[in-house]
Amino acid sequence: MIETRELTKLFKDVRAVDGINLTVARGELVALLGPNGAGKSTTLRMLTTLIPPTSGSAQVAGFDVVRQQRDVRLRIGYIGQGNGAGHSQRGRDELISQGRAYGMTVRAARTRAAELIDSLGLSDVADRTVSTLSGGQRRRLDIAMGLIHAPELLFLDEPSTGLDPQNRANLQEHIVRLRAEHGTTIVLTTHYLDEADSMAERVIVIDHGRVIADDSPQQLKAKHVGDRVILGFAGSEEAARAAAAIGAQHEGGFIRLTAEDGPREAPKILASLPITPTSIEVTRPTLDDVFLTLTGRSLREDSSTPAAELVEA
Ligand SMILES: Nc1ncnc2c1ncn2[C@@H]1O[C@H](COP(=O)(O)OP(=O)(O)OP(=O)(O)O)[C@@H](O)[C@H]1O
């Protein structure tokens with residue numbers, strides 16, 4: 001569905017996207033994850049034909065993003081960071097007008113609008129003017145706008161930024177359901193770690209315009225970080241004896257181990273110790289730990305991340 005080769009975008013001397021190669025198969029739900037300024041939106045804007053690449057190439061839905069822009073545009077939906085719907089119109093009318101702009105008949109646009117209103121949970125508010133909708137409702141209307149022409153591929157640029165946690169969860173549920181019902185290929189950008197983790201079956205981590213990791217969230221965590229098992233002992237001496245028995249190091253009264261599957265391996269570790277620990281803690285890594293391992297920086301500590309997102313990330 002998407003194939004890019006050395007896709008690059010320069011803004012004067014800023015290398016916003018630096019030779020990205022990626023392949024997205026039909027039906028995948030892929031999250032592009034990275035800190036502010038990593039190049040996620042620029043990548044999306046090239047894939048949606050909004051800006052031309054400086055070099056490299058991209059095929060989207062079988063067409064070239066530079067030479068066959070119209071063919072690409074007919075097959076994709078794009079929901080950018082701002083709200084797309086006009087504020088003084090009723091939501092349903094906005095959807096129908098959007099369908100007409102794509103060349104649909106009034107009848108087809110009405111039917112499709114009704115379907116989307118239903119599947120995005122907008123039935124109670126679709127006949128109100130857009131300006132009276134809540135942030136979450138408006139975002140769902142934006143998604144309906146992007147889907148009116150039944151695109152094969154939907155791009156969402158930070159779909160849940162600015163929403164409260166409840167609306168975010170609700171929106172995520174709708175996106176996952178749409179995908180299950182219609183088989184739409186979805187590519188979204190996010191800097192919410194939990195969003196990438198829970199929704200996407202594949203996470204492409206981008207930093208400084210380059211892909212630094214590309215795998216399922218589970219594999220990324222297992223491959224790059226692993227689970228942590230921390231054993232606590234009554235004192236340093238006990239910890240040293242236990243550490244010697246399993247060929248590990250201790251730090252004061254603690255032994256810190258990495259395990260591929262912590263919850264399963266912890267009982268075996270315990271069984272091989274000559275002394276019973278006083279505490280045991282098994283922690284599973286987050287995608288932030290993956291980012292930290294790969295870059296030495298935390299996505300959360302990114303100085304340009306707005307404070308509201310630090311709390312939720
Ligand atoms: N029109 C532009 N002119 C100049 N520089 C730009 C332009 N658009 C983006 N950039 C720069 O390109 C880099 C990548 O920006 P981009 O918006 O793609 O990042 P992002 O990963 O989407 O970040 P965010 O999460 O903040 O949206 C940044 O350094 C940004 O300042």
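User: What is the handedness of the crossing of α3 and α5?

Analyst: In this predicted model, the crossing of α3 and α5 is right-handed. A crossing gets that name because the near helix is turned clockwise from the far one by less than a right angle.

User: Why are α3 and α5 called roughly parallel?

Analyst: Happy to show you! Helix α3 (residues 91-101) and helix α5 (residues 135-147) pack at an angle of about 20 degrees. Angles under 35 degrees count as roughly parallel, and α3 and α5 are therefore roughly parallel to each other. Their axes are 9 Å apart.

User: Which residues in α3 and α5 meet?

Analyst: From α3, Gly91, Glu94, Leu95 and Gln98 meet Leu141, Ala144 and Met145 of α5. By class, this contact of α3 with α5 has four nonpolar, two polar and one charged residues.

User: Now the ligand. What makes up the shell around the ligand by class?

Analyst: Four nonpolar, seven polar and one charged residues. The residues around the ligand include Gly34, Gly37 and Gly39, and Gly counts as polar. Also among them are Phe11, Lys40 and His191.

User: Which element gives the most to that shell?

Analyst: That is α1, with three residues.

User: How confident is the predictor in the protein?

Analyst: The mean pLDDT is 88, and 94% of the residues reach 70 or more. Over residues 302-313, though, the pLDDT is below 50. Where pLDDT is low, the predicted coordinates should not be read in detail. For the complex, the predictor gives an ipTM of 0.96 and a pTM of 0.82.

Methods:
Residues are numbered from 1 along each chain as its sequence is written. This is a predicted model: local features need pLDDT of at least 70, side-chain atom pairs count only at pLDDT 80 or more; totals for chains, interfaces and linings use all residues. A residue is near a molecule or strand if its C-beta atom, placed from the backbone, lies within 6 Å of it. Helices (H or I, at least four residues) and strands (E, at least two) are DSSP runs, numbered from the N terminus. Axes are lines fitted to C-alpha atoms, for helices over the stretch in contact, and angles run from 0 to 180 degrees between N-to-C directions. Angles under 35 degrees count as roughly parallel, over 145 as roughly antiparallel, 65 to 115 as roughly perpendicular and the rest as oblique. Two residues are in contact if their C-beta atoms, placed from the backbone, lie within 7 Å. pLDDT is the predictor's confidence in each residue, from 0 to 100.
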